[in-house]
Amino acid sequence: MTRSRPVRGAIESANIWRHPETYEVENRAVDPDGVLWQAMRDAADWSGRTLLDLGCGTGFHLPLFAADAAEVIGVEPHPDLLTIAARRTRAHPHVRLLPGAAQRLPLPDSSVDVVHARWAYFFGPGCEPGLTELDRVVRRGGTAMIIDNDASRSTFGAWFRRGFPHLPSPATIERFFSTRGWQRRSVDMGWRFDSRTDLEAVVRIEFPPATADWILAHHDGLAVDYAVNLWTRTY
């Protein structure tokens with residue numbers, strides 16, 4: 001469990017902030033066939049460019065981006081997670097880590113070419129300050145990618161609706177982004193775990209206890225079909 005004080009104004013991500021080890025298991029289970037990764041590549045080639053991983057957490061994706069990008073900047077509000085990210089990327093001198101929140105990015109104007117924001121503050125209404133910051137830091141011709149859950153379909157989508165009925169509806173989220181110039185691509189990626197123990201642990205950090213109990217009582221196996229939205233905008 002992380003204990004240090006996060007950047008002021010940051011919105012807590014309880015799954016990774018409180019359970020970084022289990023979240024690591026989840027990261028390894030996500031997109032086992034590389035479908036989402038290929039969709040991101042198709043949307044924005046970061047080869048030889050400056051990429052911002054916004055809400056980079058423990059830096060799981062930073063070495064993958066660093067394999068091709070000229071520079072990778074990871075911004076994360078929680079210092080304990082940044083410490084883990086620093087250990088993970090110490091062999092990559094062109095990775096830079098900064099404490100910061102989406103609504104106040106510690107970057108100059110027009111300083112990045114590609115932005116990757118995965119489940120990081122961007123769930124529709126309420127994230128306007130973060131989107132304004134993207135307007136400021138992305139260079140002309142650059143692309144931002146926001147990944148969020150598609151709660152309108154898939155097994156995971158049904159679980160998400162059951163566990164979080166108070167969140168904006170899929171239609172509300174789609175209207176929010178599309179009216180601001182974002183394009184949506186729906187991607188079927190999935191979860192695939194190595195053991196039932198791993199699946200159960202991840203379900204319990206992602207859902208309220210009653211919902212997690214229901215899921216585990218009704219879902220067998222190690223795989224889950226999981227749809228996400230890849231939102232993109234070119235500046």
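Start by selecting strand S9 (227-234) in this predicted model. Six of its eight residues are buried, so S9 is largely enclosed by the rest of the structure.

Strand S5 (residues 138-149) pairs with S9 in the antiparallel sense, over seven bridges. To see one of the residue pairs, pick Asn149 and look for its bridge partner in S9, Val228. Then bring up strand S6 (residues 183-188): six bridges join it to S9, and these two also run antiparallel. Here, click on Arg184, whose bridge partner in S9 is Trp231.

Keep Val228 selected, and let it lead you into the core. Val228 is among the residues with the most contacts inside the largest nonpolar core, along with Met40, Trp46, Val72, Phe156, Trp191 and Val203. That core has 46 residues in total. Which helix gives the most to this core? Colour helix H9 (residues 196-206), which supplies four residues. In soluble globular proteins, nonpolar side chains tend to be buried together.

Next, centre on Met40. Leaving aside neighbours within four places in sequence, Met40 is in contact with Trp46, Phe65, His116, Arg118, Met145, Ile147 and Leu230. Apart from this core lies another, of 24 residues; Val75, Leu98, Ala102 and Leu107 are among them.

Time for the rings. The count of aromatic pairs comes to 17. Show Trp119 and Tyr226 first: their ring centres are 6.3 Å apart and their planes sit at 35°, so the pair is tilted. Where in the chain do Trp119 and Tyr226 come from? Trp119 is in the loop between strand S4 (112-118) and helix H6 (128-137), while Tyr226 is in the loop between strands S8 (223-224) and S9, so to link them you span 107 residues of chain.

Move on to Phe160 and Phe164. Their ring centres are 5.1 Å apart with the planes at 45°, so this pair is tilted too. Buried or partly exposed? Phe160 is buried, with a relative accessible area of 14%, whereas Phe164 counts as partly exposed at 21%. Now select Trp119, Phe156, Trp159, Phe160, Phe164, Trp191, Phe193, Phe207 and Tyr226 together, and you have one aromatic cluster.

Last stop: charges over rings. Arg162 lies over the face of Trp214, at 3.8 Å from the ring centre. Finish with Arg180, whose charged end sits over the ring of Phe176, 3.8 Å from its centre.

Methods:
Residues numbered from 1 in each chain as written. Predicted model: local features only at pLDDT ≥ 70, side-chain atom pairs only at ≥ 80, totals over all residues. Heavy atoms only, no water. Phe/Tyr/Trp six-rings, centres within 6.5 Å; stacked < 30°, edge-to-face > 60°. Buried < 20%, exposed > 50% of the residue type's maximum accessible area, 1.4 Å probe, protein only. Lys NZ or Arg CZ within 6 Å of the ring centre and 35° of its normal. Core = buried A, V, L, I, M, F, W, Y, C linked by side-chain atoms within 4.5 Å. Contact = heavy atoms within 4.5 Å. Pairing = 2+ DSSP bridges.
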